[in-house]
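Subject: Two-chain model, handover and findings

Hi,

Here is the structure I promised to pass on. Please load it first, then read my notes below.

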Amino acid sequence: MRTPLDRLRDGLLGVWSFGAVLFLFVPIFVIVLFSFNDNQGRFNFTWQGFTLRHWTDPFGVEGLQQAFVTSIGLAALTTIIAVVLGVCVALALVRYKWRGRVAAGGLVFLPLATPEVVLGAALLGWFLTLGLIRGFVTLVIAHVMFTLGYVVITIRARLEGMDVHIEEAAMDLGANQWTTLRKITLPLLAPGIAAASLLCFAISIDDFVVSNFNAGQTVTFPLFVYGAARQGVPPQVNVLATAMLLFVVLLMFLNLGFQRRAARRQNRDIEPTPALGL
Amino acid sequence: MSLGGEAAAPRGQAGGWLTLRRRKSLLPLALVLPGLLWLIIFYAVPILSQLWISLQTGNPDDGFAQTWNWAIYADSISEYSEQMLRSLQYAGTATIACFIIGFPLAYFIAFKAGRWRNLFLLLVVLPFFTSLIVRTVAWQTILTDDSWITNALKTIGLVPEDGRLLATSFAVIAGITYNFLPFMVLPLYASLERMDRTLVEAATDLYASRWTAFRRITLPLAGPGIFAGVLLTFIPAIGDYINAQLLGTSQQYMIGNVIQSQYLVVREYPTAAALSFIMMLVVLVIIAVAARFIGTKRLSEAAVA
């Protein structure tokens with residue numbers, strides 16, 4: 001029973017939602033557009049004509065390439081460490097009962113709920129107290145600290161959705177715990193691990209606040225942009241930001257296709273035994 | 001692992017896992033220890049060390065010594081009360097704006113988007129895969145004095161002829177709203193999507209109006225999501241200083257700007273530590289209250305929903 005009033009309401013809701021998504025994309029359009037701006041002088045605030053020259057020379061600004069490479073390296077190293085540590089913590093939290101489990105879960109969650117400026121300031125204070133020189137190493141320490149919780153939560157959700165009976169079946173069939181972990185648990189966790197890695201990498205490469213406090217002389221991509229913001233951000237920054245976004249979109253489509261194929265394959269294999277609950 | 005014990009144990013998961021657990025009681029500790037130590041050494045201890053640093057006196061050149069200077073707390077609160085209040089006010093306004101923009105969007109995605117649902121969810125998170133700083137600089141471009149949008153708003157009279165958008169509290173609050181909108185939309189969507197829609201049908205079948213059904217069924221069931229969304233927006237927004245830095249002036253500075261400049265520019269470490277310790281305490285109180293209502297697990301899941 002849909003009255004004209006209901007239709008009007010749904011229509012307004014649709015328009016509002018479309019507007020909200022548009023709002024989210026406004027700066028993205030600007031970033032992409034101004035990567036093609038033929039700007040004269042330092043500033044890239046007004047449109048002065050179309051050019052491809054920034055795209056053919058994406059690192060044509062001093063220090064940008066170095067910062068970009070540092071960011072990629074930092075994010076990669078952070079992701080490896082945080083995912084390994086995080087998978088272990090998630091396994092312990094979900095698959096085992098031990099004393100202090102609730103407290104540990106709380107400690108994992110807290111950094112996610114702490115304002116970034118507090119994370120950055122506290123860590124800087126601690127490094128100053130210890131007399132540690134700040135640079136790439138302190139950045140890795142900081143990035144692992146604030147990404148770990150995201151990994152644990154992503155993996156934990158995946159583990160909780162998994163059927164423990166498969167692992168039990170493996171052990172009933174004589175597999176030891178290590179074999180079960182390697183042959184059953186980790187392969188089933190793979191999509192979760194992929195998602196956690198992507199999330200971790202994205203958070204690390206984008207971090208400004210905590211890095212701002214703990215970078216020392218090291219310059220990451222966000223720190224470079226922030227430093228440049230005072231004198232005008234070069235269009236090459238827009239080029240790199242656009243390229244990174246395209247890369248993420250590509251990854252997402254690949255992941256989607258991969259998941260669809262996996263789902264189809266699984267349906268074919270598993271259908272005769274729906275009791276396994278996959 | 002010998003199979004003898006397993007085979008003899010009664011079937012079912014409790015028995016199997018119990019023996020396993022007893023035999024391998026050290027395994028979970030070995031798994032959890034590296035990650036947990038990392039968080040203790042580089043999160044918990046640093047947060048507590050803020051208290052220690054805040055009570056020191058001295059200067060960056062001659063060094064700082066512990067003098068148990070508790071007066072720093074009263075001093076920094078009275079000196080920076082303006083920025084503290086402004087942080088609460090900006091974060092609160094931005095949270096409300098996020099809710100007003102985000103709730104209809106989450107509702108639309110959950111119930112009306114049909115087969116486009118995943119696409120819409122993707123569109124909500126996609127912009128956040130570009131760098132936060134680059135996006136905020138893009139807002140500078142959009143709101144700057146001679147920009148297209150500023151001129152359009154001047155033409156229709158929403159902005160006075162000599163007025164500006166950039167470097168106002170409007171720009172800072174709009175920037176914060178933009179930055180944290182997905183943190184509001186995703187938990188709202190998660191709680192709406194989980195909801196049993198037949199309850200709304202039952203209510204309308206029983207002659208409740210659409211509005212009554214929304215007010216009495218949908219809103220209460222979305223409660224945990226609203227709660228999580230408000231927290232996930234409000235808490236990081238209090239500490240934000242990028243928006244005030246890039247879209248505002250010192251007239252719009254928030255407490256995060258003060259902590260940043262006290263630590264990195266003025267190097268007045270005790271004041272900076274005191275301010276960040278106070279912020280942590282405020283956040284802990286908010287989280288403790290929230291955890292009583294909806295539980296930490298749900299809150300943390302909502303964070304990455």
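In this predicted model, 76 residues of chain A are in contact with 74 residues of chain B. On the chain A side, helix 1 (residues 4-34) gives the largest share, with 15 residues. By class, that side of chain A has 59 nonpolar, 11 polar and six charged residues.

One helix pair across the two chains deserves a look. Helix 5 (residues 116-130) of chain A packs against helix 3 (residues 27-54) of chain B at an angle of about 75 degrees. Their axes are 8 Å apart. An angle of 65 to 115 degrees counts as roughly perpendicular, so helix 5 of chain A and helix 3 of chain B fall in that class. From helix 5 of chain A, the contact uses Ala122(A), Leu123(A), Gly125(A), Trp126(A) and Thr129(A). Helix 3 of chain B brings Phe42(B), Val45(B), Pro46(B), Ile47(B), Ser49(B), Gln50(B) and Ile53(B). Sorted by class, the residues of this contact are eight nonpolar, four polar and no charged.

Chain A

The secondary structure of chain A is 11 helices and zero strands. How spread out is chain A? Its radius of gyration is 24 Å, while the globule rule gives 19 Å for 278 residues, so chain A is more spread out than a compact globule. The C-alpha trace spans about 70 × 70 × 40 Å along its principal axes. Of the 278 residues, 39% count as buried. Take the contacts in chain A between residues at least 6 apart in sequence: 76% of them join residues at least 24 apart.

- Helix 4 (residues 101-113) of chain A passes a length check. Its 13 residues should span 18 Å at 1.5 Å a residue, and the end C-alpha atoms are 19 Å apart, which agrees. Ala104(A), Val108(A), Phe109(A), Leu110(A), Pro111(A), Leu112(A) and Ala113(A) are buried there.
- Gly149(A) sits in helix 6 (residues 136-160) of chain A. It has 26 C-beta neighbours inside 10 Å; the cut-off for buried is 20 or more, so Gly149(A) counts as buried. Gly149(A) touches Val108(A), Phe109(A), Pro111(A) and Leu112(A), leaving aside residues up to four places away in sequence. Gly86(A) is 63 residues from Gly149(A) in sequence, yet their C-alpha atoms are 7.3 Å apart in space.
- Helix 10 (residues 221-229) of chain A is mostly covered, with seven of its nine residues buried. The buried ones are Phe221(A), Pro222(A), Leu223(A), Phe224(A), Val225(A), Tyr226(A) and Ala228(A).

Chain B

Chain B has 16 helices and two strands. Its length is 305 residues, and 44% of them are buried. For contacts in chain B with a separation of 6 or more, 68% involve residues 24 or more positions apart.

Ala106(B) lies in helix 5 (residues 81-112) of chain B. Is Ala106(B) buried or exposed? It is buried: 30 other C-beta atoms lie within 10 Å of its own, and the cut-off is 20 or more. Not counting residues up to four places away in sequence, Ala106(B) touches Val185(B), Leu188(B), Tyr189(B) and Leu192(B). Ala106(B) and Met184(B) are 78 residues apart in sequence, but 8.9 Å apart in space, C-alpha to C-alpha.

Two backbone points in chain B also came up. Most residues other than glycine have a negative phi. Which phi does Trp68(B) have? It is positive, about 50 degrees, although Trp68(B) is not a glycine. Trp68(B) is in the loop between strand 2 (63-66) and helix 4 (71-79) of chain B. With 9 C-beta neighbours inside 10 Å, Trp68(B) counts as exposed, the cut-off being 12 or fewer.

Arg267(B) is the other case, with a positive phi of about 55 degrees. The loop between helix 14 (255-264) and helix 15 (269-294) of chain B holds Arg267(B). Arg267(B) has 14 C-beta neighbours inside 10 Å, so it counts as partly exposed.

Best regards

Technical notes
Residues numbered from 1 in each chain as written. Chains lettered and ligands numbered in written order. Predicted model: local features only at pLDDT ≥ 70, side-chain atom pairs only at ≥ 80, totals over all residues. Helix = DSSP H or I, 4+ residues; strand = E, 2+ residues; numbered from the N terminus. Rg over C-alpha atoms; globule rule 2.2 N^0.38 Å. Contact = placed C-beta atoms within 7 Å. Nonpolar A, V, L, I, M, F, W, Y, C, P; charged D, E, K, R; others polar. Axes fitted to C-alpha atoms, helices over the stretch in contact; angles between N-to-C directions. Parallel < 35°, antiparallel > 145°, perpendicular 65-115°, else oblique. Expected span 1.5 Å × (residues − 1).
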